[in-house]
Amino acid sequence: MTTLKSPNLAPPRSFLLDVDPDTAVARITLNRPERLNALTFEVYDELRNTFRALDTEPEVRTIVITGAGRGFCTGGDVEDIIGALFERDFEGLLEFTRMTCDLIAAIRQCRQPVVAALNGTVAGAGAVIATACDVRIAAESARIAYLFTRVGLSGADMGAAWLLPRIVGLGRATELLMSGAFIDAAEAHRIGLYNRVVPDGEALVAATELAEELARGPSFALQVTKDALNSEAHMGLEEALEAEARAQAACMLNPNFREAYDAFVEKRKPRFD
């Protein structure tokens with residue numbers, strides 16, 4: 001992996017950003033291992049800006065996000081964020097909460113597939129960031145909790161009440177968001193929150209392999225699929241069918257559709273854009 005150099009993307013100061021030019025996979029590594037990668041105001045802001053920039057980065061076809069050290073992310077840093085919030089009035093607090101929500105919007109609106117490689121603790125805002133990713137590959141030690149109600153805050157934070165029911169169902173989402181309790185990786189996998197669980201130390205490798213596989217796929221088709229998964233949650237059946245008909249017709253006009261056909265006829269692997 002080498003450092004990504006792009007005029008559209010400022011190098012982050014609060015975490016690591018690398019790209020493999022051979023596979024077009026970008027990797028974001030939360031890099032405060034001594035604090036279990038707890039988030040600061042700067043990390044929130046730079047993550048949001050980075051996902052926005054990666055959305056238009058031609059060198060990147062998929063993104064992996066992970067955490068350095070023993071955990072993925074434990075949410076907002078008690079010292080650097082929580083204490084400072086008590087000094088803000090409502091408007092100041094709203095500015096912060098809107099920024100955190102904007103990070104989730106940036107992940108969901110990023111056209112490239114985003115794969116989370118989860119290790120150790122995944123909690124609070126870290127849990128919501130993981131939930132916003134398209135796929136979650138977790139180590140056996142990766143327990144997860146939406147801790148907000150345990151500190152007197154709404155469990156519906158950063159879009160969790162929109163995202164989580166669509167993954168695990170309303171009943172399980174209600175319990176997780178209201179109780180704030182940790183569940184282990186096996187249970188998270190059983191209810192569909194984790195796509196895959198692998199032995200400790202292998203989550204990043206497995207996530208990177210999946211990201212590389214997706215990066216070799218038809219980028220336009222994957223972008224259209226992610227957009228449909230986002231937008232059709234609000235639609236009735238007839239509206240969704242019409243949206244998918246139009247999206248599929250557009251894909252049929254894309255060169256990747258012809259490339260898939262030509263590769264089949266020529267008995268070779270397709271080379272997608």
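Student: Are Tyr44 and Phe96 buried or exposed?

Tutor: Tyr44 is buried, and Phe96 is buried as well; here buried means under 20% relative accessible area, exposed means over 50%, and partly exposed lies in between, with a 1.4 Å probe and protein chains only. The model is a predicted one, in which local features need pLDDT of at least 70 and side-chain atom pairs count only at pLDDT 80 or more, while totals for chains, interfaces and linings use all residues. Residues are numbered from 1 along each chain as its sequence is written, and side-chain values use heavy atoms, with hydrogens and water left out.

The aromatic rings come first. Rings of Phe, Tyr and Trp (for Trp, the six-membered ring) pair if their centres lie within 6.5 Å, and their planes count as stacked under 30 degrees apart, as edge-to-face over 60, and as tilted for the rest. By this rule there are 2 aromatic pairs. The ring centres of Phe41 and Phe96 are 5.5 Å apart and the planes stand at 80°, so this pair is edge-to-face. The pair joins distant parts of the chain, with Phe41 in helix H1 (residues 41-54) and Phe96 in helix H3, 55 residues apart; helices are DSSP runs (H or I) of at least four residues, numbered from the N terminus. Phe41 counts as partly exposed because its relative accessibility is 23%, whereas Phe96 is buried, with a relative accessible area of 10%. Tyr44 and Phe96 form another edge-to-face pair, 5.6 Å from centre to centre with 85° between the planes. This pair, too, links distant parts of the chain: Tyr44 belongs to helix H1 and Phe96 to helix H3, 52 residues apart.

Leaving aside neighbours within four places in sequence, Arg108 is in contact (heavy atoms within 4.5 Å) with Ala132, Cys133, Asp134, Leu163, Lys226 and Asn230.

The cysteines may be taken next. The structure holds 0 disulfides, a disulfide being a pair of cysteine sulfur atoms within 2.5 Å. For Cys101, the closest cysteine sulfur is that of Cys73, at 15 Å, which is too far for a bond. Cys101 counts as partly exposed, at 37% relative accessibility. For Cys110, the closest cysteine sulfur is that of Cys133, at 10.0 Å, again too far for a bond. Cys110 is buried, with a relative accessible area of 1%.

Finally, there is helix H6. In this helix (residues 170-179), Ala173, Leu176 and Leu177 are buried. Seen down the axis of H6, these buried residues fall within an arc of 90°, so they line one face of the helix; the arc is that of the directions from the helix axis to the C-beta atoms. The buried residues of H6 pack against helix H5 (160-168). The face turned away from that buried side carries the exposed residues Gly171, Glu175 and Met178. Just after H6, Gly180 takes a positive phi of about 70°.

Notes:
Helix = DSSP H or I, 4+ residues; strand = E, 2+ residues; numbered from the N terminus.
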